[in-house]
Structure formats: C-alpha cells, structure tokens
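Please open the model in your viewer and keep the selection panel at hand.

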Amino acid sequence: MSGGHLRIGLDIGGTKTDAVLIDDEDAIRHRVRSATSWGPAGVIDTAVRAVEELTELSGAGAADIVSVGVGVPGQVGEGGAVRHAVNLGVEDLDLATILRERTGHPVVVENDVKAAALGAARILGATGSFVYLNLGTGVAAGHVLDGRLHRGRRGTAGEVGHIAVDPEGHACRCGQRGCIETLAGGAYVAERWGQVSDYPVLAVFDAADRGDELALRIRDGIARGVACALTVLTLSVDPDRLVVGGGVTALGERLVEAVRLELRTSAAGSDFLASLDLASGIDLLPRALPAAAFGAAIVADREGADVH
C-alpha cells in the first residue's frame with residue numbers, strides 16, 4: 001500500500017511499544033509491538049525502529065507518511081520535549097526534535113493517557129464530553145470535548161491520581177500523602193504487596209479471595225482509589241461518557257464489582273451521590289483496542305493538536 005494520507009502513532013510504554021499505521025479514513029492498516037529500550041537513546045531507537053518497520057510493511061514511500069505521533073508517560077512540554085518519564089529512564093529529552101531528525105517526518109508528542117483518551121473517543125465514536133480514566137502504573141485521566149483534547153493551561157488537566165484523599169496515607173512521589181495513585185496505582189500496589197509477581201494487582205486480588213488480610217486491605221484501597229477518581233471526575237466534568245482503561249482493568253468484573261461496592265457504600269449516606277448512580281455507569285475499554293497508539297496517530301491532526 002502506498003500513497004494517501006498515512007499517519008503513524010506510537011505508544012511508548014515502560015516495557016513495550018505499540019505502533020500503528022492508519023490511512024486517511026482512520027483505518028488501522030498495520031500494527032507492530034516491540035520491547036521498549038531503556039533510557040533516552042533507547043527510547044529514540046525504539047521509536048525509529050517502529051517507524052521503519054511500519055513503513056516497510058506498508059510499502060509506503062517516505063513522502064507518503066505525513067506525520068508521526070508519539071504518546072509517552074511523563075510531562076510533555078511545548079515543542080514535544082519530555083520530562084520526568086521515570087518509567088522510561090528519561091529525565092529530559094527533546095523527543096520530537098530528535099525523532100524528526102532521525103525519521104525525516106513531522107513529529108508531535110503527547111502524554112500517553114491524553115493520547116489514549118483521544119484515541120478511545122474516536123474509536124468509540126464518542127461525542128460531546130468524554131473522559132478516559134487510565135489505571136496502570138499510575139492513575140490519570142484525559143478529557144476530550146467535542147473531539148478535542150482539553151489539556152488545561154499547564155497541561156495538567158486530568159491528573160486525578162494526585163488528588164490527596166487521605167492526609168495520613170502513604171507518601172506519593174508528587175510530595176503529598178494519600179493521593180489516589182497511592183491507593184490504585186500499580187506501582188504503589190506492587191510496593192505495598194512486597195512479593196515478587198509479574199502481575200502484582202492480580203496476585204493481590206487472588207490472595208484477597210483466599211482471605212489474606214494484607215491483600216484484603218490493598219484490594220479495598222484499590223477499590224476506594226478508583227471510586228474516588230470516578231467520583232471526582234463526575235463531579236468536576238460530568239461527562240457524557242466515562243470509560244476506564246489501562247493494565248489494571250485486565251481484572252475485568254473482579255475490579256468492577258469491588259469498585260461498585262465501594263461506590264454504593266460511599267453513596268449510602270448521601271442522597272445526592274446516590275442520585276448519580278455511579279456504580280451502574282462503569283464502562284471498561286476493550287483491552288484489544290490500541291487506543292493510545294491510535295490516539296497518538298491522530299493527535300497530529302489539526303483537530304487533535306489544538307490546545308485548549
């Protein structure tokens with residue numbers, strides 16, 4: 001396949017990179033996944049390899065690729081510089097500039113959760129106000145309003161994971177205590193669980209089902225953290241649709257039921273919260289959807305790149 005309006009989107013995560021090539025009708029033509037190399041040089045090399053592989057698979061010429069969008073964790077500044085992407089081993093990297101020089105394509109960089117929000121909204125055909133809550137290593141959300149990302153003045157819109165809900169809670173990397181992320185973020189769950197496991201959150205839920213006291217406390221904390229995030233997002237944005245995604249949602253109904261119980265318990269003493277019926281509105285994003293990579297591909301479009 002060659003010609004047309006071809007765009008590449010990369011979702012560069014701490015362990016793997018998901019990459020897609022889409023055409024001018026937003027159809028995914030090719031998708032590749034690979035391990036993410038560590039550190040600034042590793043991230044650049046990973047991105048370049050993914051772009052080259054997709055280009056080769058498509059049979060496209062260099063001129064056929066009109067843009068490369070990249071979703072990454074951390075803070076993304078104007079011009080596509082990335083800071084504090086600790087899961088990638090990156091403290092400060094001018095990702096857009098270097099990747100543009102290495103590939104010869106226009107490059108736009110966006111925070112991975114915001115890219116996923118944009119991608120999920122487009123894939124699901126969401127209209128009006130759409131919120132995507134990501135439960136992964138950390139906890140964050142993205143807000144899409146009428147097809148456009150809402151980033152806020154400092155780009156921090158959606159950082160719900162750093163809302164403190166327990167002043168006596170665990171210390172958070174942001175400098176506060178008791179943030180939602182310290183309850184429901186995968187990294188903090190693994191730290192509190194303290195046992196070697198490829199999937200710490202799954203191990204916690206399995207142990208909780210067996211009656212393990214520590215696991216029960218951690219599981220209750222996860223449910224409380226997610227419930228708090230859903231409540232805050234609803235009360236602050238009141239979106240037309242709110243979807244939950246990220247690695248932790250692999251638990252499926254086990255997670256949903258725990259969160260529903262927490263929401264119903266919290267609403268038991270409040271007619272106001274009860275009237276919102278948050279427990280019945282939990283919608284999980286299908287895990288097979290490459291929302292972040294797809295969102296990165298379309299973030300370079302004028303409608304996705306506008307800052308509000």
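A cavity is defined on a 1 Å grid over the protein atoms alone, as a set of points where a 1.4 Å probe fits but cannot get out, and lining residues have an atom within 4 Å of a point. The model is predicted, so local features need pLDDT of at least 70 and side-chain atom pairs count only at pLDDT 80 or more, while totals for chains, interfaces and linings use all residues. Residues are numbered from 1 along each chain as its sequence is written, and side-chain values use heavy atoms, with hydrogens and water left out.

**First stop: the cavity**

Select V226, L230, V244, L255, V256, V259, I282 and L284, which line the largest cavity. Two elements each give two or more residues to this lining, α7 (213–237) and α8 (253–267); helices are DSSP runs of H or I of at least four residues, strands are runs of E of at least two, and both are numbered from the N terminus. The largest share, three residues, comes from α8. The space in this cavity is about 30 Å³, a volume being the space filled by probe spheres set on the grid points, which are joined across faces, edges and corners.

**Second stop: the nonpolar core**

Next, select L133, L135, I222, L230, L255, V259 and L263, the residues with the most contacts inside the largest nonpolar core, which has 37 residues. Such a core is a set of buried Ala, Val, Leu, Ile, Met, Phe, Trp, Tyr and Cys residues joined through side-chain atoms within 4.5 Å; buried means under 20% relative accessible area, with a 1.4 Å probe and protein chains only. The element that gives the most to this core is α7, with nine residues. Now centre on L255: leaving aside residues up to four places away in sequence, L255 touches L135, F205, I222, V248 and T249, where contact means heavy atoms within 4.5 Å.

Move to β2 (residues 16–22) and β3 (residues 28–35), which run antiparallel and are joined by seven bridges; strands pair if DSSP finds at least two bridges between them. Within this pair, D18 stands opposite R33, and K16 has A35 as its bridge partner. Five residues separate the two strands in a hairpin, and D26 in the turn has a positive phi of about 65 degrees.

On which strand does G9 find its bridge partner? The partner is V20, in β2. Six bridges join β1 (residues 6–12) to β2, again in an antiparallel arrangement. Finally, colour β2 by accessibility: six of its seven residues are buried.

Technical notes
On a 1 Å grid over the protein atoms alone, a cavity is a set of points where a 1.4 Å probe fits but cannot get out, and a pocket is an open set with protein on both sides within 12 Å along at least five of seven lines; lining residues have an atom within 4 Å of a point. Buried means under 20% relative accessible area, exposed over 50%, partly exposed in between (1.4 Å probe, protein chains only).
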